[in-house]
Amino acid sequence: MNFEEFKNCGLRRSLNILSGKWKPLILHTLFEKDTVRFAELWRNMPRVSKKVLSEQLKQLEDDHIIQRMEVYNFPPEVYYKLTEKGQKLGPILTELHSWGNELN
């Protein structure tokens with residue numbers, strides 16, 4: 001495989017979207033709970049800063065994996081949920097989880 005083929009490789013693009021320390025845990029939470037507030041996501045993440053979590057969420061949103069929804073209450077609320085594209089990752093991440101458990 002040359003560099004041009006690698007640049008357009010589906011596996012490379014997929015791994016690029018999923019790469020990030022917290023992205024798998026974010027996606028796992030969204031698969032379990034459907035729609036989640038930012039504060040709840042942050043509380044479920046072990047030792048992640050709000051800034052880093054926001055950055056990872058923004059990247060997933062830019063890749064059309066999750067959708068950000070704002071509710072203009074007082075105080076304002078921000079929710080996240082998987083897009084149709086993001087929901088297709090469910091079986092893939094489940095298989096990765098199972099495969100990882102078999103490595104022990």
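Predicted model: local features only at pLDDT ≥ 70, side-chain atom pairs only at ≥ 80, totals over all residues.
Let's start with a pair of facing residues: M69 has Y79 in strand 3 as its bridge partner. Residues are numbered from 1 along each chain as its sequence is written, and side-chain values use heavy atoms, with hydrogens and water left out.

Strand 2 and strand 3 (residues 77-82) run antiparallel and are joined by 6 bridges. Together they form a hairpin, with 5 residues between them. A quick word on terms: strands (E, at least two residues) and helices (H or I, at least four) are DSSP runs, numbered from the N terminus. Two strands pair if DSSP finds at least two bridges between them.

Axes are lines fitted to C-alpha atoms, for helices over the stretch in contact, and angles run from 0 to 180 degrees between N-to-C directions.

How do helix 3 and helix 5 (residues 50-62) cross, and at what angle? Their axes come within 10 Å and cross at roughly 70°. That makes the two helices, helix 3 and helix 5, roughly perpendicular (65 to 115 degrees; under 35 is roughly parallel, over 145 roughly antiparallel, the rest oblique). Helix 3 brings K23, I26 and L27 to the contact, while helix 5 brings L53, Q56, L57, Q59 and L60 (contact means heavy atoms within 4.5 Å). Sorted by class, that's 5 nonpolar, 2 polar and 1 charged residues. Ala, Val, Leu, Ile, Met, Phe, Trp, Tyr, Cys and Pro count as nonpolar, Asp, Glu, Lys and Arg as charged, and the others, Gly among them, as polar.

## A look at S14

S14 is found in helix 2 (residues 10-18). Its relative accessibility is 39%, so S14 counts as partly exposed (between buried, under 20%, and exposed, over 50%, with a 1.4 Å probe and protein chains only). F31 is 17 residues from S14 along the chain, and their C-alpha atoms are separated by 18 Å.
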